[in-house]
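Thanks for coming, everyone. I'll keep this short. Please have a look at the model on the screen before I start.

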Amino acid sequence: MGSEMCIRDRDVVEAIALELVDNADSVDVVERDSRDGIRVSETTGPGDLGMMIGRLCRTATAVRVIAEIAAEREGQLVTVDFDDEHDG
């Protein structure tokens, strides 16, 4: 079947965020181990959080599902959190 590229959950979240937000330089994605699996925290610049959440949380839900699929392929569980930087 050939070699498969390993796409990590963190990479998926970061790639999507970089395409959706207005200020890609402000995107910060951090992966940490937690007792429930892996926690991926994504921080965006002021005003960009809405782009990641989307209408009726559809974008956030889609990002979480895609990250869960990537994590599941590695036998992991993942939780994705979204936050925005505060001015000041």
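One term before we go in. A residue is called buried when its relative accessible area is under 20%, exposed when that area is over 50%, and partly exposed in between. Keep in mind that this is a predicted model.

Let me start with the whole chain. The protein chain has 88 residues, and 30% of them count as buried. It holds three helices and three strands. Reading from the N terminus, the order is α-β-β-α-α-β. Now the contacts. Take those in the chain with a separation of 6 or more: 56% of them join residues 24 or more positions apart.

Today's subject is helix α3. It covers residues 58-73, 16 residues in total. From first C-alpha to last, α3 reaches 23 Å, close to the 22 Å expected at 1.5 Å a residue.

Which residues of α3 are buried? They are Ala60, Val63, Ala67, Ala70 and Ala71. These five span an arc of only 95 degrees around the axis, so they sit on the same side of α3. The other side of α3 has exposed residues: Arg58, Glu72 and Arg73.

What do the buried residues of α3 pack against? Three elements: α1 (9-20), α2 (49-53) and β3 (78-84).

Let's take α1 and its packing with α3. The angle between α1 and α3 is about 150 degrees, and their axes lie 8 Å apart. An angle over 145 degrees counts as roughly antiparallel. That is why α1 and α3 are described as roughly antiparallel to each other. The crossing of α1 past α3 is right-handed.

Who meets whom? From α1 come Asp9, Val12, Val13, Ile16 and Leu20. They meet Thr59, Val63, Ile66, Ala67, Ala70 and Ala71 of α3.

Pick out Ala67 on the screen. This residue belongs to helix α3. Is Ala67 buried or exposed? Its relative accessibility is 0%, so Ala67 counts as buried. Set aside the neighbours within four places in sequence. Ala67 is then in contact with Asp9, Val12, Val13, Val78 and Val80. Asp9, Val12 and Val13 are among the α1 residues that meet α3. There is also a distance to give you. Ala67 and Asp11 are 56 residues apart along the chain, yet their C-alpha atoms are separated by 8.7 Å.

Now the two ends of α3. Leu56 has a positive phi, near 55 degrees, and is a residue other than glycine. With 70% relative accessibility, Leu56 counts as exposed.

Cys57 lies in the loop between α2 and α3 as well. Its phi is also positive, about 65 degrees, although Cys57 is not a glycine. Buried, exposed or in between? Cys57 has a relative accessible area of 40%, so it is partly exposed.

At the other end, look just after α3. There Gly75 takes a positive phi of about 75 degrees.

Technical notes
Residues numbered from 1 in each chain as written. Predicted model: local features only at pLDDT ≥ 70, side-chain atom pairs only at ≥ 80, totals over all residues. Heavy atoms only, no water. Helix = DSSP H or I, 4+ residues; strand = E, 2+ residues; numbered from the N terminus. Expected span 1.5 Å × (residues − 1). Buried < 20%, exposed > 50% of the residue type's maximum accessible area, 1.4 Å probe, protein only. Arc of directions from axis to C-beta. Contact = heavy atoms within 4.5 Å. Axes fitted to C-alpha atoms, helices over the stretch in contact; angles between N-to-C directions. Parallel < 35°, antiparallel > 145°, perpendicular 65-115°, else oblique. Left-handed = near helix turned anticlockwise from the far one by under 90°.
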